[in-house]
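Student: I have a model open and some questions about it. Could we go through them briskly?

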Amino acid sequence: MTQGKSIAFHTLGCKLNYSETSTLSRMLEADGFAKKEFEDVADVYVINTCSVTENADKECRQLVRRIQRRAPESMVVITGCYAQLKPKEISEIEGVDLVLGAAEKFNLSRHLQDLTKGSTGKIHACEIEEVDGFNSSYSINDRTRTFLKVQDGCDYNCSFCTIPLARGHSRSDSIGGVLQNVKELASSGTKEIVLTGINLGDFGKGNHGGKKREESFFELIQELDKTEEGIERFRISSIEPNLLTNEIIEFVAGSKKFMPHFHIPLQSGSNDILALMRRRYRRELYTERVAYIKQLIPHCCIGVDVIVGFPGETEEHFKDTFEFLHGLDISYLHVFTYSERDNTLAADMKPVVPIPVRQERNKALRNLSYQKLQYFAAQHTGETRKVLFESAEKNGIMEGYTDNYIKVQTPFREEYVNQLIDWKL
Ligand code: SF4
């Protein structure tokens, strides 16, 4: 079943999932499917799920019910991290016809060939240890800024995280493969590429599951910096503090193409909690990284991921985290409330933090983030910086970002779309 059939996608979760859905959608269109919006009636619906989303199960069920009401005869396919983690549960949801795990996601078209509407969902999900291929992907809806996946999976074992179980071990595209994608994106008019991965700094472990490092993230960014294509900006989506080396910081400081912007997961400002989380650094290393970045690139934007309410996090630990972040020269926080995940070490750790306390801590850090962001933006008021404007228009307003990731809004002007404009802040 391909020619003349229509297909609609829905994505839950992170930028990596979005880039994968975008690539899947292009693959299926190339195979003869007509693409529809998720709210339209389509012959096939694909939901690309996430395991980090708080209510993955609930959201997935709700989406399937919506499809069933709208188009009871349509095929429903569930893929993504949650499909890999809980294939059986998902296959038992009424209305689900096919469940594709991590290894089968990119074989969607082949699986659809012989699929018929049946009473129970078929499962194609192997053990995660066997997942070792790499499929590059990129999002291309808004040509301005594209998320390019260059790495997948993770070899770390943070005690709260299901990603290694959902996506498998660390593997990567080759530098040659990345350069080829960059060329394609440049020819489609993209100006900015955000390098994306699960553990991006671990780039270079080859695309067939070897543990052996063949190339490195530092080599990748050096090669990208030399590209003559029309890409004007690269960003590094997120990099673990222990993998953000001085040579990477020095390189970005001297590069015209790599933007002054780092996103560095911290997760906790307490060394006790970092140890329980099985993170691979102590907070002193984090302080050093931030200080070195700011020494070399004073205008650099630094974003931080942090988790509140991890088991064992006392008031004292939280205060430690708060004070630590308060004193760091960073620009914004992404705050996550800890929630238990099956099959993780942390799920059995005690004492658990009551949910209302987790929520209070989340609120306190979100307030701190707001203050940090205001302060960072105020530091640059009056400067002229280059802004890349995006194509979306909302209530007559368009948005763009400076090199150091300050968001700018202005009345929509067609001639600004996908252009780098000198802008007085
Ligand atoms: S580094 Fe830790 S938190 Fe990040 S994906 Fe790997 S295991 Fe999960």
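Student: How are H9 and H11 oriented to each other?
Tutor: This is a predicted model, in which local features need pLDDT of at least 70, side-chain atom pairs count only at pLDDT 80 or more, and totals for chains, interfaces and linings use all residues. Residues are numbered from 1 along each chain as its sequence is written, and side-chain values use heavy atoms, with hydrogens and water left out. The axes of H9 (residues 246-254) and H11 (residues 283-296) come within 10 Å and cross at roughly 25°. Angles under 35 degrees count as roughly parallel, so H9 and H11 are roughly parallel.

Student: In which hand does H9 pass H11?
Tutor: A crossing is right-handed if the near helix is turned clockwise from the far one by less than a right angle. For H9 passing H11, the crossing is right-handed.

Student: Which strand holds Gln-267?
Tutor: Most residues other than glycine have a negative phi. Gln-267 has a positive phi, near 75°. Its place is in residues 261-267, a DSSP run (E, at least two residues) that is strand S13.

Student: What is omega for the peptide bond from Lys-350 to Pro-351?
Tutor: Pro-351 is found in the loop between strand S15 (332-337) and helix H13 (355-379). Most peptide bonds are trans. The bond from Lys-350 to Pro-351 is cis, with omega near -5°.

Student: How many charged residues are in the shell around the ligand?
Tutor: The residues around the ligand (a heavy atom within 4 Å) include Cys-154, Tyr-156, Glu-240 and Arg-279. Asp, Glu, Lys and Arg count as charged. The shell has eight nonpolar residues, no polar ones, and the charged ones number two.

Technical notes: Axes fitted to C-alpha atoms, helices over the stretch in contact; angles between N-to-C directions. Helix = DSSP H or I, 4+ residues; strand = E, 2+ residues; numbered from the N terminus. Parallel < 35°, antiparallel > 145°, perpendicular 65-115°, else oblique.
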